[in-house]
Amino acid sequence: MSSHLLRPATIAVASLATLASALPASAAPNASSVAAKHPHYATRAALATRWQASQLTRGRIHNGQYGFDDWGLTVDTGLMLAAAGTSPAALTRLTRVVKHHYPDYTLFKGHRYAGSVGKTLLFVRVVRKNPQKFGGVNVRRQLLNLRVRSGPNRGRFSDSVKPDSSNVLSQSYGVLGLARTGGVPQSAVNFLLDQRCPNGFFRLYPVSGQTCKQSQSAPDIDATSLAIQALVSARQHGAAVSKRSIGESARWLVNAQRRNGSFGGGLTTENSNSNSTGLAANALVATGHTMARLRAASWVSTLQITRSRARRGPARTDIGAVAYRPAALHRALKSGIGVKKRDQFRRATPQAYFALAPAPFATLLSPRQ
């Protein structure tokens with residue numbers, strides 16, 4: 001689950017259509033028209049939004065099992081609420097809280113983490129705030145200061161601590177955030193492209209001085225899905241990214257979809273899961289693969305707690321939550337969502353949402369308030 005990527009210490013406790021990126025933004029697939037033809041998915045997305053918003057405590061997601069505020073998951077929740085546009089008060093409070101606690105998310109023991117800064121920069125743009133004055137901080141400059149300037153890792157957004165835990169997800173969030181707030185250095189885009197493997201997929205972890213083929217790196221669905229969206233955004237904002245490279249990666253992703261419409265993740269999340277499927281669905285929409293996205297939505301919808309599934313059982317108080325995998329849904333319907341399992345539902349739901357109601361990160365903006 002990609003929301004786990006950002007702070008190692010925290011984790012310790014816890015083609016079917018024309019390539020959209022080749023077209024002007026206005027020619028990209030119209031998500032609202034797709035939703036109009038499939039209103040049941042829009043209904044499911046609304047249920048998911050209401051549930052996730054209900055999990056906020058004082059404007060943030062608090063992990064009750066381990067007793068800490070989960071800022072990465074809070075930002076993921078904010079991106080979901082921005083896409084939905086139906087919980088403006090909750091999003092306003094969340095944004096204010098993230099603004100106040102920005103150092104708590106991006107710093108740990110005096111070291112700054114590239115993934116946290118990159119994801120926050122994207123979020124700041126999505127909620128229409130000033131990335132140069134977010135809580136008195138120039139988030140864009142902070143990210144640029146984490147960019148490696150020379151050597152085999154030139155362009156990489158690197159953590160300020162060793163060993164460096166930044167990865168392709170971190171790089172993708174950084175490219176997205178910078179592209180959408182004034183432009184992204186070509187070196188950062190090139191470093192991301194260097195993680196693209198011959199078949200079109202992306203590896204999760206860069207290997208210094210080695211191409212993907214040389215390192216024999218395995219494909220990662222989450223990394224590929226987010227990298228595709230980052231490259232679409234970079235291209236839209238003037239970076240040199242070929243249509244062919246984006247198209248080939250999107251076709252690889254379509255071919256990686258399983259017969260039931262689901263996606264697995266990477267080496268540690270190979271089984272079908274709603275988190276990876278949601279990320280993939282958003283990339284599929286961004287590149288014009290609408291039918292593949294609908295197959296993903298169909299599968300994700302089978303993992304949601306609904307009134308008809310919960311009936312009068314213990315899960316009836318968590319209508320709208322999306323399970324990570326089928327087994328988790330079955331357990332919840334039987335025994336409810338306890339403290340130890342709640343974190344998994346909270347992580348799965350914000351990214352599964354984007355299968356039900358896609359909103360590619362290259363163009364996502366919250367409604368004006």
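**A disulfide and a helix pair**

User: Are Cys 197 and Cys 212 buried or exposed?
Analyst: The model is a predicted one. A residue counts as buried when its relative accessible area is under 20%. By that cut-off, both Cys 197 and Cys 212 are buried.

User: Which residue is joined to Cys 197 by a disulfide?
Analyst: A disulfide is a covalent bond between the sulfur atoms of two cysteines. The structure holds one disulfide. Its S to S distance is 1.7 Å, and the partner of Cys 197 is Cys 212.

User: How many residues apart in sequence are the parts that this pair ties together?
Analyst: Cys 197 lies in the loop between α10 (186–194) and α11 (212–215). Cys 212 belongs to helix α11, so the parts tied together are apart in sequence by 15 residues.

User: What is the handedness of the disulfide?
Analyst: Handedness here follows from the torsion about the S-S bond of Cys 197 and Cys 212. That torsion is about 80°, so the disulfide is right-handed.

User: Are helices α4 and α7 roughly parallel or roughly antiparallel?
Analyst: The axes of α4 (residues 71–84) and α7 (residues 114–126) come within 10 Å and cross at roughly 30°. Angles under 35 degrees count as roughly parallel. Therefore α4 and α7 are roughly parallel.

User: How many nonpolar residues are in the contact of α4 with α7?
Analyst: From α4 the contact draws on residues including Val 75, Leu 79 and Ala 82, and from α7 on Lys 119, Phe 123 and Val 126. By class, two residues of the contact are polar and two are charged. The number of nonpolar residues is five.

Methods: Residues are numbered from 1 along each chain as its sequence is written. This is a predicted model: local features need pLDDT of at least 70, side-chain atom pairs count only at pLDDT 80 or more; totals for chains, interfaces and linings use all residues. Side-chain values use heavy atoms; hydrogens and water are left out. A disulfide is a pair of cysteine sulfur atoms within 2.5 Å. Helices (H or I, at least four residues) and strands (E, at least two) are DSSP runs, numbered from the N terminus. Buried means under 20% relative accessible area, exposed over 50%, partly exposed in between (1.4 Å probe, protein chains only). Axes are lines fitted to C-alpha atoms, for helices over the stretch in contact, and angles run from 0 to 180 degrees between N-to-C directions. Angles under 35 degrees count as roughly parallel, over 145 as roughly antiparallel, 65 to 115 as roughly perpendicular and the rest as oblique. Contact means heavy atoms within 4.5 Å. Ala, Val, Leu, Ile, Met, Phe, Trp, Tyr, Cys and Pro count as nonpolar, Asp, Glu, Lys and Arg as charged, and the others, Gly among them, as polar.
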